[in-house]
Every structure is written in C-alpha cells, then in structure tokens.
Amino acid sequence: MNARARSAILSRLRAATAGPGLPRPSAPVGLRRPGRGVADFETFAAVLATLGPTFELARSAEEARTALIGTAARHEVKTAVRWEHPDLDAVDAPSVLAGAGVAMIAPEELPDRVCPSLAAVDMGITGVAYALCATGSLILAAGPGRERGTALVPRLHVALVPRSRLLPDLPALFDRLAGQPMPSAVNCVSGVSSTGDIEFVYVRGVHGPLAVHVIGLDWL
Amino acid sequence: MSASKYDFGKAAAKALGDRESRAVLAKAIGHIRVLRRRSVDAMPDFAERRTRAVAVREATLARLPDLLETLEASVTAAGGMVHFAEDAPSAARCITRLLTDRDVKLVVKGKSMVSEEIGLNEALERAGIEAVETDLGEYIIQLAGEKPSHILAPALHVSKEQVSELFDRKLGRKSTDIPEMTRIARDSLRRKFLAADAGVTGCNIAVAATGTVIVLENEGNIRLSASCPPIHIALMSLEKVVGTLADAAAVLDILPPSATGQTLPVHLSLFTGARREGERDGPREMHLVILDNGRSKILADPLLRSILKCIRCGACLNVCPVYQSVGGHAYGSVYPGPMGSVLSPLLTDAAGDARQPFACTHCAACAAACPAGIDHPALLQEMRRRLSAEGTDAATRAFAALARSPWMFAGAAAVARSADPGLTRVAGMAPDSPVGRFLRGRVFPGLSRPFSRRFKALARRLSRHGGRS
C-alpha cells in the first residue's frame with residue numbers, strides 16, 4: 001500500500017514539475033554571513049542573561065571547580081547525572097562533585113530506559129558541541145556517553161562551555177554541521193523553556209529543566 | 001472544491017456576537033503584533049532574509065519529487081523509515097497501524113497542524129490508544145474537547161478563567177494563577193512523557209541532504225516527545241522539505257521572527273534517524289510519514305501552487321481583519337485565516353465551507369506580512385472566479401448580467417434609486433428564497449444620487465483629507 005502511494009505521489013509531482021510556470025531552480029542559496037561576527041563570552045553572557053539561564057566565567061580549572069561546587073550547593077543538588085565529555089574531564093567535574101557529596105551517575109550506569117530513571121535526579125551536567133553568541137544558544141549533540149535525557153529531565157542543567165567552542169550565530173553552526181555526519185540529535189537550546197499559551201502571560205520553566213547554569217571555561 | 005454543509009456566514013455572525021471571546025482574541029492579537037514589531041520590524045536585514053527564504057521555497061516547489069526521493073534515501077540511511085500517505089485517512093491508518101503493531105498504549109504528541117488535518121487523535125482513540133497533547137495550548141484544547149483556533153497559539157481564544165475551571169474539573173487542581181497552572185500542566189504531563197511508549201511530532205522543515213527533521217518550540221514538549229519514548233513518529237506534509245542545511249538556515253532566518261517575534265525559539269531540534277550504535281537513549285525506531293492529501297494536485301495548478309510556499313508562521317492570521325473579528329473556529333476548517341482560506345478548500349480532506357475564499361476583504365495585509373512571498377488575495381480571487389464559474393444562485397447571475405451591460409445597469413440603478421432610501425429595509429424583509437437571501441445578506445449603498453454625479457464632491461473631500469474619506 002505504501003509503495004503504491006509513494007509511486008503515485010511521486011509521479012503526480014513529476015508531472016506537475018514538468019508542466020509550465022515553475023521557476024527554474026536558482027543557484028543554491030548560501031548561508032547568511034557564514035562564520036563571521038563576534039564570538040566572545042561578553043556577547044554570549046549578555047544575551048544569555050536575557051533568556052533565563054545564569055552564567056559565571058571561570059579563568060582556571062580551579063575556579064571552575066569552585067563554581068561547580070557552589071552551583072551544586074546553591075541548588076541543593078543531591079544527585080547528578082553526567083556526560084562522558086573531555087570538557088568535564090578537563091576540570092575533573094565528576095570527582096569534584098562526588099567529593100562535595102553529590103551522588104554521581106555515569107552514563108554506563110544508566111538503565112535501558114534513561115529518561116524515567118532521571119525523573120528524581122537533581123542535576124544533569126554536560127559539555128556542549130558549540131555555543132552561539134548572537135542567540136545565547138547551547139548546542140547539544142547526542143552520542144555514546146552523551147545522553148539526550150541528561151540535559152532534559154533533571155530540574156537543573158549545568159553546561160561547561162570552553163571559549164574555543166563559541167561560534168557567532170546559527171549560520172556559522174549550520175556551516176559546521178554541514179561539514180560532518182549529522183548526529184542523531186542536535187539540540188539548539190536558547191534559554192529556559194517557556195510558554196505564553198495562557199493569555200500570552202510569559203512563564204518560564206515548562207517542560208525542560210527549570211534552571212540552566214552555564215560555566216564559561218576561559219582558558220580552554 | 002466540493003459543496004459542504006458548513007456555513008461560514010452563520011458561524012461568523014455567531015462569533016461576532018460573542019463579546020467575551022472577541023475581547024480575549026483582540027488582546028491576544030494585539031500582543032502578537034507587539035512581538036512582531038519588536039523583531040521583524042527591528043531587523044535591518046529582514047528584506048534580505050525574506051528574499052533568500054523565498055528563493056529556497058521556490059526551489060523546493062521546482063524540485064519537489066527529487067527532494068522527496070533524496071529525503072527518503074537520507075532518512076533510511078540514518079536508520080529511519082519513510083512512509084508515504086495519499087490522504088488523511090491513509091496517513092492516520094498508517095500511524096495507527098505502526099503503533100498497534102508495536103502494542104503501544106500511550107502516545108505523547110507534539111503540536112502538529114498536519115496531525116489535526118488527518119484527524120489522528122480520533123483515529124488513535126478508536127484504536128484504543130491514549131494520545132496526550134503535550135503543548136500547553138493543545139493540552140488545554142484537548143481537555144476542553146475543542147479544536148485549535150490559531151495554527152501557532154491553539155488556545156488563544158481561551159481565557160485564564162476558563163483554563164482554571166477546566167483544570168479544576170479535569171485534573172482536580174484548583175488555581176487561578178497562570179504560573180501555577182503552568183506548573184500543574186507540567187506535573188501532569190511529565191508522568192506521561194516518562195511513561196509513553198511512543199512520541200508523535202510534526203516537522204517544521206525536513207532536510208533532504210541529511211534526512212533531518214527540524215522542529216521549533218519554546219516549551220520543550222516536542223524535545224521530550226522525540227527523545228524519551230522508544231519510538232518517534234514525525235509527520236509532515238510533503239512541501240516542508242528543503243534541499244540542504246543551508247536552505248533550512250534560510251527558512252529559519254524568517255520563521256521564528258514572523259511566528260513569535262523571536263530570533264530563535266528556546267528549543268530548535270534537529271533529529272536525524274533513530275538512536276545510533278552505542279547510544280543509550282533516543283528512539284530505537286524513527287518513522288517519517290509524508291502526507292500528500294491534495295498537495296500534488298495543487299503543485300500541478302500554476303495559478304494556485306504558490307500556497308505551497310507557506311511555512312505556517314501564522315503572520316497572515318495575525319494581520320487579517322476577518323480573522324481578528326471572527327477568530328479561528330468560525331472558519332470551520334483545520335487551517336483558518338488567509339493561508340487557510342486558500343489551502344483548506346484545495347486539500348482532499350479539510351472540513352469547512354468550500355466558500356471559505358469569500359471570507360476575505362481583499363485588504364492584502366496578509367500578502368504584505370507573508371515572509372514566504374505568497375499573494376493570498378490574488379489566489380483567493382482566482383478561487384472565487386472558479387467557484388462562480390461552477391455555478392451560482394439566480395440573483396448573483398442576474399446581477400452579473402446587469403453589470404456587464406452599461407445601459408441595462410443604468411436602467412436598473414434608476415429603478416433602485418426610486419426605491420431608495422428604504423432599500424436596505426425593504427431588502428431585509430425579502431422572503432426566504434434564493435433572491436431573498438441575496439438581498440437580505442447585503443447592505444445597500446445610498447443610491448439616491450448616481451455615483452457619477454457624486455464623484456466630484458467625493459474626490460474633493462478625499463484630496464482634502466489626504467486620501468481618506
């Protein structure tokens with residue numbers, strides 16, 4: 001049934017495009033301003049602040065560790081799930097948090113159905129593939145050890161963003177993405193989830209994490 | 001364009017009489033307009049963005065069959081499965097079968113107008129599958145047993161008092177505070193996300209080269225629906241495809257600003273196939289259902305095909321004086337407003353009044369607002385012409401005959417003048433017949449002096465008031 005529908009639809013479309021009046025396909029449309037524009041923590045932090053997340057800049061691994069412990073304490077974090085990611089290792093995040101009394105869950109300890117198992121976990125800590133300065137966006141790419149649920153289900157999401165991963169804007173991101181195989185999921189997250197569905201009253205914290213904290217790694 | 005029983009005129013008159021709903025609608029539309037002013041009007045390069053996006057949409061129409069074949073190959077290569085559906089019932093059947101074959105009991109749904117178009121919720125209910133809408137607006141609509149009234153903000157017509165009453169009745173939770181009501185919905189829906197066997201979402205853009213489904217949202221419910229359950233089914237109408245990631249970027253340059261006044265929504269997600277080797281979450285199965293439902297016929301129609309450039313931003317609804325007055329429900333079809341008045345009658349299944357193209361004042365505000373370069377009034381004009389050619393009532397035919405002959409028209413006007421000023425009153429008392437309904441449905445202009453004699457004074461007044469009467 002599906003094969004018949006497929007060939008019927010495609011052949012009707014072919015007949016339609018062969019007919020008169022359709023503009024000839026123009027030259028490919030390139031990216032708006034590919035890869036140019038500012039990419040620094042000042043711009044990123046200024047935009048991020050308008051979208052709900054909080055930000056602090058760490059100038060050394062030591063400062064980043066202090067920031068992590070402070071964040072966990074501020075948000076009363078008892079349990080946390082983490083990604084397997086070089087930027088987390090660069091600041092020793094797993095052992096630092098464990099040392100501060102947070103029960104850490106490593107990717108390999110996760111059960112078959114990840115999301116339900118994270119419902120009661122307080123914090124998800126991840127790296128990023130990139131971060132976009134113009135829109136304050138965190139780019140999360142799924143992969144082995146980089147579960148989608150980690151940044152999505154716990155009530156707090158903490159992201160470590162090295163300076164080398166800053167990009168100016170969305171066109172720059174799409175330029176990078178086009179040059180490599182697409183991951184199964186790429187999430188471009190700009191701020192804390194929100195809604196205006198009841199009388200356009202703006203409410204933050206609908207379905208994703210209720211709070212997002214970004215720690216900039218200035219030396220990386 | 002087949003005749004239908006639904007009567008837009010009656011529904012519109014009823015909507016116009018509902019003061020409370022009109023106030024809620026006016027407030028919402030006013031709000032959307034401010035958002036748009038702050039984004040689109042404040043973007044110095046919006047005209048350039050629009051030109052690029054229109055070029056992408058036109059390229060899509062010119063290469064549609066090739067793009068769909070490439071999309072199918074790319075999705076399959078990424079571990080997904082593609083299903084083509086001729087019409088609404090076969091799309092609903094396809095999804096229902098996918099779910100029943102896998103013994104799915106609970107489905108979480110992201111907001112999708114195509115899902116409304118194919119009547120998916122009703123089909124799933126008949127199959128004994130619980131389908132929960134997870135967009136807050138859609139959730140409210142589903143609890144209330146209603147239909148969306150706006151393609152972007154489905155519960156735009158519902159007041160907070162009504163939501164409060166609904167949550168009390170359906171969820172047993174009392175609150176009149178909007179943030180608290182949002183939290184109640186979060187708690188209630190979270191249980192569904194985590195327990196669901198499958199997630200069904202729409203698709204804003206599909207990228208042929210990579211097999212990527214792109215969805216935009218602020219709440220995070222689509223991201224949860226596509227990430228947590230073991231099965232993800234994405235549903236798209238076939239014209240949503242573009243060639244490359246660069247093409248998608250060009251559409252993304254105009255879609256969120258035109259829709260919600262944002263540069264980017266909170267969640268922009270790119271899903272490519274199912275979970276890969278070594279990944280611990282994400283759907284084990286990913287299906288993409290591609291719906292035609294009359295669109296291939298629209299593409300074959302040189303005068304109407306440009307409606308397929310539509311990116312469903314809703315900008316045309318928000319500026320339309322008819323939509324703003326009667327609201328989305330009065331149209332009686334899945335797609336309301338200017339884009340809906342063109343699209344709904346052309347689709348194979350989209351309930352409503354076949355005469356929806358007449359629900360337009362030709363003010364052209366929609367065409368000015370449309371970021372995809374669609375000239376809705378021109379399309380509506382053509383559809384009206386075809387509907388008239390199909391046949392119309394005796395009185396309209398008589399009027400048309402008169403209007404074609406200057407001296408007969410002058411003679412008839414002289415007769416009408418003698419009846420003025422009581423014409424409208426007299427017409428209002430006309431008996432219930434085809435001619436009577438024609439007369440009763442109209443407000444007649446003052447005819448006591450011919451227009452040709454009034455014209456000079458009128459022109460003087462216009463020039464004094466800078467073109468306004």
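I'll begin with one side chain: that of Ser333(B) makes a polar contact with the side chain of Gln356(B), at 3.1 Å. Everything I describe today comes from a predicted model. Ser333(B) sits in the loop between helix H16 (321-326) and helix H17 (337-346) of chain B. Is Ser333(B) buried or exposed? Its relative accessible area is 12%, and the cut-off for buried is under 20%, so Ser333(B) counts as buried.

Two other loop residues of chain B are worth a minute, on account of their backbone angles. In general, most residues other than glycine have a negative phi. Asp103(B) is not a glycine, yet its phi is positive, about 60°. You will find Asp103(B) in the loop between helix H5 (88-101) and strand E2 (106-109) of chain B. With a relative accessible area of 54%, Asp103(B) is exposed.

Asn293(B) is not a glycine either, and it has a positive phi of about 50°. The loop in this case runs between strand E10 (285-291) and helix H14 (295-299) of chain B. Asn293(B) has 0% relative accessibility and counts as buried.

Now to chain A as a whole. It has seven helices and twelve strands. Its C-alpha atoms fill a box of roughly 70 × 45 × 40 Å, taken along the principal axes. Chain A has 220 residues, and 54% of them count as buried. If you take the contacts in chain A between residues at least 6 apart in sequence, 79% join residues at least 24 apart.

On the side of chain A, Ile198(A), Phe200(A) and His207(A) supply 11% of the area it buries against chain B, which is more than any other three residues.

There are nine salt bridges across the interface of chain A and chain B. One of the salt bridges in this model joins the side chains of Arg14(A) and Asp66(B), at 2.9 Å from N to O.

Strand E9 of chain A takes us across to chain B. E9(A) is joined by five bridges to strand E9 (residues 267-272) of chain B, and the two run antiparallel. As an example of the pairing, Ala185(A) stands opposite Phe271(B) in E9(B).

Strand E6 of chain B covers residues 212-217, and six of the six are buried, so the strand is largely enclosed by the rest of the structure. In a regular strand, side chains alternate between the two faces of the sheet. In E6(B), Thr212(B), Ile214(B) and Leu216(B) point one way, while Val213(B), Val215(B) and Glu217(B) point the other way. All of these are buried, Glu217(B) included.

E6(B) has another partner, strand E5 (residues 205-207) of chain B, joined to it by three bridges and running antiparallel. Ile205(B) stands opposite Ile214(B) in E6(B). E5(B) and E6(B) form a hairpin with four residues between the strands, and Gly211(B) in that hairpin takes a positive phi near 70°.

Last, a helix. Helix H12 of chain B, residues 245-252, has eight of its eight residues buried, so it too is largely enclosed by the rest of the structure. In general, residues three or four places apart in an α-helix point the same way, because there are 3.6 residues a turn. Among the buried residues of H12(B) are Leu245(B), Asp247(B), Val251(B) and Leu252(B).

Technical notes:
Residues numbered from 1 in each chain as written. Chains lettered and ligands numbered in written order. Predicted model: local features only at pLDDT ≥ 70, side-chain atom pairs only at ≥ 80, totals over all residues. Heavy atoms only, no water. Buried area = accessible area lost by both parts, 1.4 Å probe. Salt bridge = Lys/Arg side-chain N within 4 Å of Asp/Glu carboxyl O. Pairing = 2+ DSSP bridges. Buried < 20%, exposed > 50% of the residue type's maximum accessible area, 1.4 Å probe, protein only. Contact = heavy atoms within 4.5 Å. Polar contact = N/O pair within 3.5 Å; in protein donor to acceptor, adjacent residues only side chain to side chain.
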